[in-house]
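Me: I would like to learn how to read helix packing, domains and a ligand shell in a model like this one. Could we go through it feature by feature?

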Amino acid sequence: MNKQIRLASRPSGWVKEENFTLTEEAVGEPADGQLLVRNIFMSVDPYMRGRMNDTKSYIPPFQIGEVLQAGVVGQVVASRHPDFAEGDYVTGMLGWENFSISDGTQLRKVVAGAVPLSYYLGILGMPGMTAYIGLFTIAKAQPEDTVFVSAASGAVGSVVGQLAKIHGCYVAGCAGSDDKVALLTAEFGYDAAFNYRNSESLSASIREVCPKGIDVDFENVGGELFEAALWNMRDFGRIALCGMISSYNDEQLEPGPRGMMLIIGRRLRIQGFIVSDHPEACQEYVVKASAWLAEGKLKYQETTAEGVENAPAAFISMLTGGNVGKQIVQLADP
Ligand SMILES: NC(=O)c1ccc[n+]([C@@H]2O[C@H](COP(=O)([O-])OP(=O)(O)OC[C@H]3O[C@@H](n4cnc5c(N)ncnc54)[C@H](OP(=O)(O)O)[C@@H]3O)[C@@H](O)[C@H]2O)c1
């Protein structure tokens, strides 16, 4: 049988487990041109919260009653597709389910053995690519720049810090617990970090960890943290607007940030981006990151939940900071 997670209802405000439903059906048979994948790892990501709303965006909303989509790594167990054979390992957009049928679009083969398969959902997948695109294509980080990263210990942030260090930048960040802050400097190469939950003044805390001011703000959070970063920007600074996770569950959006006039006076450049718009740079990143991983220059951590039935809880936990590094759900043995 195939266990699946479907959208039961659209959340209003904070997403809850009751917005999801677990169903079971017989494992399907691939038709001509299709393949059947046994899903091994799936990713839960912040952008999925936006897809639970019925709003127009760069990616269509999830539909009520349908199996949710996710980045997955799995193994082909039956194929009637000319490009995929039984036993191949693949990654791409499939479902929150144990088995998925695909026509092969958006799927690519991966080599098993070089790195753990889950890495293709994290450091060698979309989050790692996002770190690279945001830092270099969008913010054009230069050696010796001061880079500030919010949500720094997460899937994207933990890579941004390390890439910035490899590039010769000074890098500081913030995260939501003392343990995460310790990890930032001990493991992920950050020069300085603080716990934003303990901060009496976010702007003063940023000034403390970025005494020369910020050249590149890698913005993952938005809201008050973004506003505090804005006040610390240096002239001609660049802000890569990657995400605004602090508002994803808001029923009503707050006005702000305050201090927008700084963008003029300090001649700042702010650019939002979506990683999938940059396929060539993503490929370039995977080649570089694979080599850095093999040389031990890149460190990686993930938090793993077990079983598709626990995917909704893992998703909600990630949105509230329960993860260190990439939040993964393991669905089967590799
Ligand atoms: N533009 C793109 O193409 C693209 C692609 C991927 C991801 N993103 C964005 O990048 C950001 C990070 O994504 P990710 O996959 O790496 O997730 P992640 O950082 O692994 O997980 C989310 C983290 O956000 C932090 N967080 C949640 N609410 C917060 C709040 N109110 N204030 C401060 N921190 C908060 C939590 O860490 P703490 O314990 O530190 O609070 C949580 O662990 C998200 O905004 C996401 O939407 C954008």
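Me: Which residues of H2 meet which residues of H3?

Reply: Two residues are in contact if their C-beta atoms, placed from the backbone, lie within 7 Å, and helices (H or I, at least four residues) and strands (E, at least two) are DSSP runs, numbered from the N terminus. Here Pro 127, Gly 128, Ala 131, Tyr 132, Gly 134 and Leu 135 in H2 meet Val 159, Val 160, Leu 163 and Ala 164 in H3. By class, this contact of H2 with H3 has 8 nonpolar, 2 polar and no charged residues, where Ala, Val, Leu, Ile, Met, Phe, Trp, Tyr, Cys and Pro count as nonpolar, Asp, Glu, Lys and Arg as charged, and the others, Gly among them, as polar.

Me: What should I keep in mind about the numbering and the origin of the coordinates?

Reply: Residues are numbered from 1 along each chain as its sequence is written. This is a predicted model, in which local features need pLDDT of at least 70 and side-chain atom pairs count only at pLDDT 80 or more, while totals for chains, interfaces and linings use all residues.

Me: At what angle do H2 and H3 pack?

Reply: Axes are lines fitted to C-alpha atoms, for helices over the stretch in contact, and angles run from 0 to 180 degrees between N-to-C directions. Angles under 35 degrees count as roughly parallel, over 145 as roughly antiparallel, 65 to 115 as roughly perpendicular and the rest as oblique. H2 and H3 (residues 157-166) pack at about 50 degrees with their axes 8 Å apart, and they are therefore oblique to each other. As to hand, a crossing is left-handed if the near helix is turned anticlockwise from the far one by less than a right angle, and right-handed if clockwise; H2 passes H3 in a right-handed crossing.

Me: How does the packing of H2 with H8 read, in angle and in axis distance?

Reply: H2 and helix H8 (residues 279-294) pack at an angle of about 110 degrees, their axes being 9 Å apart, and the two are therefore roughly perpendicular to each other. Their crossing is right-handed. From H2 the contact takes Gly 128, Met 129, Tyr 132, Ile 133 and Thr 137, and from H8 it takes Ala 281, Cys 282, Tyr 285 and Ala 289; by class these are 7 nonpolar, 2 polar and no charged residues.

Me: Where do the domains lie in the chain?

Reply: Domain bounds come from an automatic or database domain assignment. In this chain the assignment gives domain 1 (2-122 + 301-330) and domain 2 (126-276), with C-alpha centres that lie 28 Å apart. Across the boundary, 17 residues of domain 1 are in contact with 16 residues of domain 2, and the side of domain 1 that touches domain 2 has 6 nonpolar, 9 polar and 2 charged residues.

Me: Which residues come nearest to the ligand?

Reply: A residue is near a molecule or strand if its C-beta atom, placed from the backbone, lies within 6 Å of it. Of the 30 residues around the ligand, Gly 154, Val 156, Gly 176, Gly 243 and Gly 321 come nearest. Helix H2 (126-138) and helix H9 (311-319) are the elements that give two or more residues to this shell, and the shell draws at least three residues from each of domain 1 and domain 2. By class, the shell has 16 nonpolar, 12 polar and 2 charged residues.

Me: Which peptide bond is cis?

Reply: The bond from Gly 256 to Pro 257 is cis, with omega near 0 degrees, and Pro 257 has its place in the loop between strand E12 (233-241) and helix H7 (261-265).
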